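Here are my notes on the two-chain model you sent. Please keep the structure open while you go through the points.

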Amino acid sequence: MSPILWSVLSIIIAILGSITVAAALIFVERRLLAVWTDRIGPNRAGPFGLLQVVADMIKIFFKEDWVPPFVDKPVFIMSPGVIFITVLMSFMVIPLSPFIVASHLDVGVLFFLAMASLGVYSIVLSGWASGSKYPLLGSVRSITQMLSYEAFMGLSLGGVVLISGSFNMSDIVNAQKGLWFFIPQFPAFVIFLIGGIAVIHRLPFDLPEAESELVDGYHTEYSGMKFGLFFVGEYLGIVLVSALTVTLFFGGWLGPILPPFLWFLIKTAVFIVLIILLRASLPRPRIDQLLAFGWKVLLPVALLNILVTGAIYLAIQK
Amino acid sequence: MFSILRTIWLVFKHTFSRTITVQYPEVKPELSARYRGRIILSRDPDGDERCVACNLCAAACPVDCIALESANRDDGRRYAKFFRINFARCIMCGMCEEACPTYAIQLTPDFEMAEYNRQNMVYEKEHLLINGPGKYPGYNFYREAGAEMGVKKTGEGQNERKPVDIYTLVPGSLDDEERG
């Protein structure tokens, strides 16, 4: 098949797949959180509650999408789309299998980091444009949190890029054919996972939303479909960070008997479940504790990781 | 750091523990016998209504949801001409049950009383009266106290003293135990 056709097919698979998984996550997350808190989740709508997603979608579509009069209208209306766009763009560089890659970008890793930084804009802009105090506080906290943790996330990938020799995601997956990267680069894996969860502002790093503190954080003033975009965007972020961790540290689509695409799905599912488990179990640290942990613990470890990896790499090359 | 990992592990172990959700309405919750639910008016073991329309329950009710009026039956026994409880106001506190001297009004472990029409929340006596003695079987008020209704004569109850005959009451006519 012509490469253009493969590309278009991969784009469609990536977008449809991620949005479907993100929508299904609405139901899966509630069920998993219920399992870990000795409850039964939603099980009334449809068999085993599976139609809960449909019910939630219908609800979000039909809610009144009211734009408050005190907001900065163009920014207010555009900012939910920003996170949706940046996360979906990041999906384009992830190799779902040896053949299904939407874009063989030679700077895939950098592209993802750039998109993550752009994603911060959506919180910042929506918090400021909302023109009320809770979103403002939420966005102020989120700027500091996301900027710091993106820095560590990027630094932690230095070792991975060093070992595999390129920024191209497919090359990184191929370089893991002997040994998955999470073994030699274990500190980097931990830092990347923590940083990733912070960047998608998910518990325990969800101070921007802070459901019990800031009313609803940066999306307090949003309703209807705009809120739905934030909502699905958050779940898309979960899928994205899981997919990236799998690609960069756990061998992507590598695996014995099963087809590669299935391996990718299984591994991503494991990480999605892990991220939901973190939400079920951990308390939320204060913003100063969060930043102290990031700058005083994660940054030195990330730098040390690059140092040691580089030193060993040079020694081996000699 | 270790405590965080331990927390995650402990929460993960809950995957294998039973859920504590009671899936109402397929599964009804277990209620104790003293659960303060729907109010009923009971009858004594001989089949007559226990309620003597003394108004103590209406007086004790903190939200004034009980309305009743007394009347005398043909055989002289006092009863409630009408007895109305407004369950939209009732807070199921049980003060009426504590106040009732005849164990007539009782709270039962039934809470499924939802209605669509607000007027249907007002229960009349025919909705409240049941055919049995409710929670206190074997108790007849007129056997312990009360006016003579053909159940016992005055002075023949278990803890009752015989009435004093005022016409023959002279100094020295009472024994030690009668004097109290």
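1. Burial first, since several points below use it. A residue is buried if 20 or more other C-beta atoms lie within 10 Å of its own, exposed if 12 or fewer, and partly exposed in between, with C-beta atoms placed from the backbone. By that count, buried residues make up 17% of the 180 residues in chain B. In chain A, 41% of the 318 residues are buried.

2. Ground rules. This is a predicted model, where local features need pLDDT of at least 70, side-chain atom pairs count only at pLDDT 80 or more, and totals for chains, interfaces and linings use all residues. Residues are numbered from 1 along each chain as its sequence is written, while chains are lettered from A and ligands numbered from 1 in the order in which they are written.

3. Confidence in chain A. pLDDT is the predictor's confidence in each residue, from 0 to 100. Chain A averages 87, and 97% of its residues score at least 70. Within chain A, helix α5 (residues 133–164) has the lowest confidence, at a mean of 86. Helix α9 (residues 260–281) of chain A has the highest, at 92.

4. Make-up of the chains. Helices (H or I, at least four residues) and strands (E, at least two) are DSSP runs, numbered from the N terminus. Chain A has 10 helices and 0 strands. Chain B has 6 helices and 5 strands. Along the sequence, chain B reads α-β-α-β-β-α-β-β-α-α-α.

5. Overall dimensions. Which chain agrees with the radius of gyration of a compact globule? The radius is taken over C-alpha atoms, and the globule rule is 2.2 Å times the number of residues to the power 0.38. Chain A agrees: the rule gives a value near 20 Å for 318 residues, and chain A has 20 Å. For the 180 residues of chain B the rule gives a value near 16 Å, but chain B has 25 Å. Along the principal axes, the C-alpha atoms of chain A fill a box of roughly 65 × 45 × 45 Å. The C-alpha trace of chain B spans about 95 × 45 × 30 Å.

6. Contacts. Two residues are in contact if their C-beta atoms, placed from the backbone, lie within 7 Å. Take the contacts in chain A between residues at least 6 apart in sequence: 81% join residues at least 24 apart. For chain B, with a separation of 6 or more, residues 24 or more positions apart account for 67%.

7. Two strands pair if DSSP finds at least two bridges between them. Strands β2 (residues 66–72) and β3 (residues 78–86) of chain B pair in the antiparallel sense over 7 bridges. Ser70(B) stands opposite Ala80(B) in β3(B). The hairpin leaves 5 residues between the strands, and Gly76(B) in the turn has a positive phi of about 90°.

8. Backbone points to check. Most residues other than glycine have a negative phi, and most peptide bonds are trans. Ala53(B) is not a glycine, yet has a positive phi of about 55°. Ala53(B) lies in the loop between β1 and α2 (56–60) of chain B, and counts as buried because 20 C-beta neighbours lie inside 10 Å. Tyr103(B) also has a positive phi, near 55°. Tyr103(B) sits in the loop between α3 (95–99) and β4 (105–107) of chain B; with 19 C-beta neighbours inside 10 Å, Tyr103(B) counts as partly exposed.

9. One cis bond. The peptide bond from Tyr24(B) to Pro25(B) is cis, with omega near 5°. Pro25(B) lies in the loop between α1 (2–13) and β1 (39–41) of chain B.
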